[in-house]
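Visitor: Walk me through this model, please. I will keep asking what each term rests on.

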Amino acid sequence: MHSIMQKLLAAALSASSILVARASIENPTLLQTPPMGFNNWARFMCDLNETLFVDTANSMVSRGLLDAGYGRINLDDCWMAYSRAGNGSLQWNETLFPHGLPWLGKYVQQRGFKFGIYEDSGNQTCGGYPGSYGYEELDAETFASWGIDYLKLDGCNVYAKQGRTLEEEYKHRYALWHEILSGMSNPLIFSESAPAYFSGSDNSTDWYTVMDWVPHYGELARHSTDILVYSGQGSAWDSIMVNYEYNTLLARYQRPGYFNDPDFLIPDHPGLSMDEKRSHFALWASFSAPLIISAYIPGLKDDDIAFLTNDELIKVDQDRMAQQATLVSRDEAFDVLTRSLANGDRLLTVLNRGNGTASTRFNVKRLGLDGGCTYTAKDLWNGSLIKIRESVEIADLPPHATTVYRISLPRRCSSVVPTGMLFNTASKNCLTATSHGTVSFEACNGHDSQVWQVDSSGKVSSLAVRSECLTAQGGSVLLAPCQKTKSQVWSYSVTGVLRNAASGSCLTEAGSRVSICGFEKDSQVFGLPSGVVVDE
């Protein structure tokens, strides 16, 4: 399976070189790895000015963040004047930015950074400043003339025109921006916020629908709620976990050129312990998510800089395969995630979500590996090496802490079978192999009965009963001895449905059965292990 993924990655990158400049998955070379840099919003919100960005750029250079890969300086909302110029163009706030944004762009570029900006697809930004609606082409030209190469486009104050649903209105506006940016000689990186305005509803169909089109229009998309701002009320760790949870539902969309964005890193938030800060960074890196710091950079502690510049985890985040880590198992304390890396290594990330120190142990087969081999695992926090044979043991992991291993595979054991949870993204229940060859959806408990392998032919088997495969029989779903039959072959779509090759019907949580495939119905949208081939 690893060799197949390498070939697919190579083909995608090769094919992209002959395409015209388009966005994201149509041209993965536009943004080959997730962006890294700084944005003011979560830390400063509208309390921004020229001095903040000058000091931030200088500090990022002197403290090693630029050298570590954090190469972008992005402005967020509230940078502009409350009215446009006579010719309709946007104006910066001259009090906050006395030298002007073109000057600021040159300043940060001379120090090695790229320059990014914020606008909104509606009539006004979230902060009440002029939105881009009706001025899209002019604003794109303006940004380019200022030396900007990255646009974060928000979705406040968007109202559906007659004859369109709200989802269709967002699609229309973001598609227009996509066409404008794609037509530029040097297209701007396009960060889309549209999905965030459809997350958290009782029915996720519109959210999934937006997620279906954003990878075709831009390079990254913020898919859920804002991470907690510095002055906000509530738990910063809980906010991180909310966005982490959303990201676990969307791995099927990510691929070279497009990245799911769970929002900013907030390393100086006073509500976070050091273990929580490090976990935040490690989980985002395991996802190959954007690493955009929103903090007062000159005031960061040396310990904060140390984990933010962890070279091994940054290499994972910037891995050219762009595979997002997915859940292997989940119980009351531990989330276990894994993914493959471009050189054939396997990543293992273990998060203690519980409130007490805990230990866990699991078989290497859960990681898609062969249990008869010896593997070398590198601890990406301290660089130590351990040997892994039949099982992995995580001892005394503090609450909210994360362990990350990069596992090297010997040549004779280099094949990887996509392995992990098969869960409904609405209910979060796990497909479970029960006794007597039946299956059901139950609360996730971390047992082998809830860990599934998907081979290259599309057969799905449980680690608890490896000789039996998921089978569609009439309208029922059960486990039966694996054999060459279409009733045991399943295909996974980017829409999240798991379709049976024999019946054409889709796995459905209600009743643990197959039924007529609907349009992204909550009961038919599933998360599968990383490495499973995803059909468009």
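Visitor: How many Å separate the centres of domain 2 and domain 3?

Guide: The model is predicted. In it, the centres of domain 2 and domain 3 are 25 Å apart, taken over C-alpha atoms.

Visitor: Which residues belong to each domain?

Guide: Domain 1 covers 31-318, domain 2 covers 326-408, and domain 3 covers 419-527.

Visitor: What makes domain 2 and domain 3 count as in contact?

Guide: Contact needs heavy atoms within 4.5 Å. By that rule, 11 residues of domain 2 are in contact with 13 residues of domain 3. About 920 Å² is buried between the two domains, with 53% of it on carbon and sulfur atoms.

Visitor: Which three residues supply 53% of the area that domain 2 buries against domain 3?

Guide: Arg330, Lys365 and Arg366 do, more than any other three residues.

Visitor: Why is the pair Arg366 and Asp448 called a salt bridge?

Guide: The cut-off is 4 Å, from a side-chain nitrogen of Lys or Arg to a carboxyl oxygen of Asp or Glu. The side chains of Arg366 and Asp448 meet at 2.8 Å, N to O. That is within 4 Å, so the pair qualifies. Across the interface of domain 2 and domain 3, the rule finds 1 salt bridge. It also finds 6 residue pairs in polar contact there.

Visitor: Which strand gives the largest share of the side of domain 2 that touches domain 3?

Guide: Strand β9, residues 326-330, with 4 residues. That side of domain 2 divides into 3 nonpolar, 3 polar and 5 charged residues.

Visitor: How do you know that Asp154 and Arg222 form a salt bridge?

Guide: Their side chains meet at 3.3 Å, N to O. The limit is 4 Å, so this pair passes too. Asp154 lies in strand β4 (residues 150-154) and Arg222 in strand β6 (residues 220-222), so the pair ties together parts 68 residues apart in sequence. By this rule the count comes to 20 salt bridges.

Visitor: Where does UniProt place the feature "domain: Ricin B lectin"?

Guide: The unreviewed UniProt entry puts it at residues 417-529. Over residues 417-529 the chain is 0% helix and 42% strand. The end C-alpha atoms of that stretch are 9 Å apart.

Terms used:
Residues are numbered from 1 along each chain as its sequence is written. This is a predicted model: local features need pLDDT of at least 70, side-chain atom pairs count only at pLDDT 80 or more; totals for chains, interfaces and linings use all residues. Side-chain values use heavy atoms; hydrogens and water are left out. Domain bounds come from an automatic or database domain assignment. Buried area is the accessible area (1.4 Å probe) that two parts lose on being put together, summed over both. A polar contact is a pair of N or O atoms within 3.5 Å; within protein, one must be able to donate a hydrogen and the other to accept it, and residues adjacent in sequence count only if both atoms are side-chain atoms. Helices (H or I, at least four residues) and strands (E, at least two) are DSSP runs, numbered from the N terminus. Ala, Val, Leu, Ile, Met, Phe, Trp, Tyr, Cys and Pro count as nonpolar, Asp, Glu, Lys and Arg as charged, and the others, Gly among them, as polar. UniProt positions are given in the numbering used here, feature names are shortened, and annotations may be inferred rather than shown by experiment.
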